[in-house]
Amino acid sequence: MKKIIVVGNGMVGHHFIDQLLASDSEFEITTFSEEAHLAYDRVHLSSYFTDNSVEALMLTNEQYYDDNGVRYLVNDRVVAIDKTLKCIHTQNGVTASYDSLVIATGSFPFVPPIPGNDNEHCHVYRTIEDLDAIRNSAKDAQIGVVVGGGLLGLEAGKALVDLGLKTHVVEFAPRLMAVQLCSEGGGLLRGKIEELGVEVHTEKNTQSITQGESCRYRMNFADGSFLETDLILFSAGIRPQDKLARDSQIEIGERGGIVINDYCQTSEPDIYAIGECALWQGKIFGLVAPGYSMAKVAAKHIDGHIDKQFLGADMSTKLKLLGVDVASIGDAHGVSDGCKTYQFLDGVNGVYKKLVVNSSGDRLLGAIMVGDASDYGQWLQLYLNDMPLSQGPEYLLLPDADEGSSSSAMGVDALPDSASICSCFDVTKGQIREAVQAGACSMADIKSCTKASTGCGGCSALTTQVLNSELEKQGVEVSTDICAHFAYSRQELFDIIRVKKIQSYDALLSEYGSGGGCEICKPAVGSILASLWNDYVLDDAHIGLQDTNDIFLGNMQKDGTYSVVPRVPGGEITPDKLIAIGQVAKQFDLYTKVTGGQRIDLFGAQLHELPIIWQQLIDAGFETGHAYGKSLRTVKSCVGSTWCRFGVQDSVGMAIDLENRYKGLRAPHKIKFGVSGCTRECAEAQSKDIGIIATENGWGLYVCGNGGMRPRHADLFATDLDDQTLVKYIDRVLMFYVRTADRLQRTSVWMENLDGGLDYLKEVVIDDKLNIAAELESDMQNVVANYQCEWKTTINDEKRLQRFKQFINTDELDSNISYVRERGQRRPATEVEKISTIELVTEA
Amino acid sequence: MSQLTSNDGQPNWVKVADKSQLFPNTGVCALVNQQQIAIFWDQHKDQLFAVSNYCPFSKANVLSRGLIGDYQGQSMLAAPTYKQRFNLETGECFDDEHVSIAVYPIKESNGEILIAA
């Protein structure tokens with residue numbers, strides 16, 4: 001087996017390993033990292049300060065490598081390559097041999113040679129360890145300075161703001177993001193950032209860092225001015241980490257960087273370099289997407305394919321810096337021969353856009369956007385594919401006068417199949433089209449089969465457009481109407497019912513619909529009415545809307561009998577209650593099974609038995625478990641700090657409180673919770689719609705996970721929450737889901753289709769961007785206040801009970817139901833068993 | 001149309017319930033001559049329907065517990081088990097032309113629900 005050594009386990013190194021693992025050939029892969037952690041997401045490093053979780057950043061883990069036979073060594077640096085013997089040596093004395101060696105050592109931050117730059121509270125911003133050091137320095141600090149006003153500098157600035165420091169950005173150039181932005185764009189960005197309380201100082205050349213008077217340090221500038229600060233972060237650019245190659249006499253560029261060819265081979269054919277340490281045609285690529293492309297090319301080449309080459313990469317980029325959208329495409333500065341520029345400046349809304357076009361004005365060469373980067377995807381395609389501009393460039397710049405005009409006029413149909421839609425995973429329009437032809441019909445499908453839009457998410461709008469356009473071409477009508485009876489989406493119906501305070505399906509149909517309704521719109525509207533007003537679902541006005549299970553408050557099984565599930569909040573149950581369940585099961589000969597949600601399911605109850613069974617269960621102190629509803633099911637919990645040696649919070653108590661709060665909440669689909677008392681996560685909360693994991697300082701909230709057919713790990717939403725904040729956030733997340741999801745859409749798929757994804761949900765729930773948080777909470781309060789045990793209501797209603805019998809005109813039972821016994825319990829007879837039973841009876 | 005007829009060929013109407021026993025826009029089941037018959041009251045149209053209670057897809061006696069509505073302007077019953085749709089007037093399955101269920105004459109007279117038997 002071919003031995004591969006990967007030096008460096010950063011984003012690109014790990015991506016390379018993933019590419020090798022995906023190939024059909026077998027390799028013996030060993031990777032070395034000088035850091036303590038395996039590969040993590042450096043692009044979103046600043047989220048470490050808000051989420052406080054290394055795990056959320058991790059791109060891989062020991063388990064994954066172990067499972068795939070990848071050997072790894074962390075905390076050890078490769079210090080020498082023996083090209084003759086084809087082996088490497090590490091700092092700690094490890095030697096390993098290779099057939100192919102891949103250098104993916106990335107880059108290191110450039111620290112300007114300023115006297116005093118080595119003080120205790122001077123840091124760089126590159127690794128998790130750097131972030132820990134920054135946080136420690138920030139503990140007793142008031143003021144922080146970032147040296148460098150480029151992309152990385154502003155990202156680092158956000159970190160200082162998140163740490164609660166009064167933040168300054170010091171830049172040598174006359175404007176922010178001097179590489180990407182012109183002076184107008186840079187000026188607008190400066191204004192926006194200063195609005196957030198960050199002070200920007202341009203044209204400042206730091207000469208020395210000395211002891212401060214009011215703060216720890218004083219930065220002395222060349223113009224004689226100074227700035228006092230407690231903490232300094234250097235973020236003034238990166239340099240390729242090429243020392244290992246340099247020491248091994250591998251060719252290095254004049255200004256650094258390991259020289260590579262189109263196959264990412266260095267001057268030594270068996271040694272490759274990829275990512276920010278590599279120099280291709282005199283260029284270093286400081287973005288992750290080109291690094292991923294190199295990883296792909298190198299992996300293919302090592303696997304014996306020579307058809308894939310690295311031919312440079314587009315350095316267009318779109319980011320959110322300190323909350324401001326910034327994007328730059330192609331020749332943003334307009335340095336191409338004969339090019340012309342168009343600019344748009346909206347000082348009121350803080351939007352700046354610039355277009356660079358060719359001399360005849362029919363091709364886009366470059367662009368800049370500040371404050372509004374919604375056109376980025378479209379413009380990037382125009383640029384990358386050298387597409388003709390259908391109208392004058394000025395039409396691209398003007399805000400939409402009416403829908404369908406301006407920038408959105410460029411339909412995705414005009415794009416060639418080769419157009420790259422997702423640059424993170426290098427997915428083309430052709431691949432998305434093939435996926436649709438193979439049966440994909442939602443964003444969730446596209447994400448799972450092409451990976452498009454699962455990286456930075458910047459292409460989600462464009463991917464959706466390609467998807468819809470391809471679906472339309474296949475004759476699939478992309479209509480968001482819920483069904484033939486209502487020309488509205490579920491969300492629109494929800495808004496109508498909420499705003500107009502509509503109380504019944506009939507009222508909604510007569511004013512907003514047509515015809516007699518169907519099996520789609522009736523349960524959907526029934527669910528919306530229940531989510532908003534929480535009336536008794538078997539009321540005359542609502543009964544006809546209830547689906548198979550809801551209409552008899554039980555789960556119909558294949559033979560027409562029902563299963564019964566009493567609620568067991570948090571999975572905590574007394575021996576007396578267990579006995580009561582056992583007695584009911586025994587009396588009615590019900591098949592008994594423990595569920596995954598920590599409760600007990602009783603199968604085989606016939607219609608007429610349901611009310612009697614429930615009377616007994618209610619007398620024993622049980623309530624309905626809503627196992628039949630698209631509603632809150634269970635809150636699974638581990639035993640928590642009350643008993644467990646490792647637990648740090650009372651997970652059972654929290655689970656019971658949450659289950660009692662949200663029981664009876666009807667939603668677009670079922671909702672499951674999990675609460676774990678420590679990070680060992682015994683309640684498997686990360687596979688639940690709402691997952692809660694205890695930490696020393698409170699609760700971590702995870703959202704939109706799922707087990708089942710398409711498992712999805714829940715996303716970390718917030719950490720270290722107190723009880724009140726936790727409940728507040730859950731109220732808002734759930735009600736926002738209830739409002740905006742499609743019918744029968746679980747939270748996991750809802751999240752994957754949500755424009756803006758997790759960040760958007762955080763903005764809505766935590767920052768209250770839509771100004772609806774109070775409304776969401778009061779809607780939830782209304783549901784909580786109007787809770788009733790539907791079975792209790794039903795058994796006290798003589799007329800309702802009439803429906804709980806097989807026949808309206810006789811007490812006879814359904815003769816078609818028959819059972820056989822298996823492992824000490826009864827189960828429905830199969831069709832074959834039914835026939836043989838009849839024959840036996842006849843013969844007898 | 002399947003029909004329960006008397007010897008002289010005339011429909012033999014049998015009372016199965018009072019109208020007041022029905023619930024709007026949903027079904028109940030009656031046993032008539034050992035045949036299970038699903039009865040629906042569509043309140044919007046104020047119309048009654050009677051079809052076999054046996055679902056040929058799930059092979060269970062459950063159709064009275066299905067949901068009713070319209071499909072392309074025709075009265076429709078969706079099976080509670082796997083959601084196949086049937087024409088309530090003719091018994092034909094909208095989703096599978098090879099399948100149909102029996103339908104029965106039904107009427108209301110003086111507040112009583114009668115089925116031909």
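The questions below concern a predicted model and go through a sheet, a helix pair and several single residues.

Local features need pLDDT of at least 70 and side-chain atom pairs count only at pLDDT 80 or more, while totals for chains, interfaces and linings use all residues; side-chain values use heavy atoms, without hydrogens and water. Residues are numbered from 1 along each chain as its sequence is written, with chains lettered from A and ligands numbered from 1 in the order in which they are written.

Q: In what order do the five strands of the open sheet in chain A stand?
A: Strands are DSSP runs of E with at least two residues, and helices are runs of H or I with at least four, numbered from the N terminus. Two strands pair if DSSP finds at least two bridges between them. The edge strands, each pairing on one side only, are β3 (71-73) and β19 (271-273) of chain A. The pairing is parallel and the order is β3-β2-β1-β7-β19 (chain A).

Q: What angle does the direction of helix α9 of chain A make with that of β19(A)?
A: Angles run from 0 to 180 degrees between N-to-C directions, and axes are lines fitted to C-alpha atoms, for helices over the stretch in contact. Helix α9 (residues 288-302) packs on the sheet and touches β1 (2-7), β2 (27-32), β7 and β19 of chain A, where contact means heavy atoms within 4.5 Å. The angle with β19(A) is about 165°.

Q: How many nonpolar residues does the contact of α1(A) with α9(A) have?
A: Helix α1 (residues 11-22) of chain A packs against α9(A) at about 35°, with the axes 8 Å apart. Among the residues that meet are A:F16 and A:L20 in α1(A) and A:Y292 and A:I302 in α9(A). Ala, Val, Leu, Ile, Met, Phe, Trp, Tyr, Cys and Pro count as nonpolar, Asp, Glu, Lys and Arg as charged, and the others, Gly among them, as polar. Besides three polar residues and one charged residue, the nonpolar count is ten.

Q: Is A:I497 buried or exposed?
A: A:I497 belongs to helix α15 (residues 490-499) of chain A. Beyond its neighbours within four places in sequence, A:I497 is in contact with residues including A:L508, A:V525 and A:W533. Buried means under 20% relative accessible area, exposed over 50%, and partly exposed in between (1.4 Å probe, protein chains only). With a relative accessible area of 0%, A:I497 is buried.

Q: At which residue does UniProt place the feature "binding site"?
A: The residue is in the loop between β33 (671-676) and β34 (690-695) of chain A, and its relative accessible area of 56% makes it exposed. Leaving aside neighbours within four places in sequence, its contacts are A:C638 and A:S676. UniProt positions are given in the numbering used here, feature names are shortened, and annotations may be inferred rather than shown by experiment. The unreviewed entry gives A:C682.

Q: What is the phi of A:D589?
A: Most residues other than glycine have a negative phi. A:D589 lies in the loop between α18 (575-587) and β30 (591-594) of chain A, and is partly exposed at 28% relative accessibility. Although A:D589 is not a glycine, its phi is positive, about 55°.
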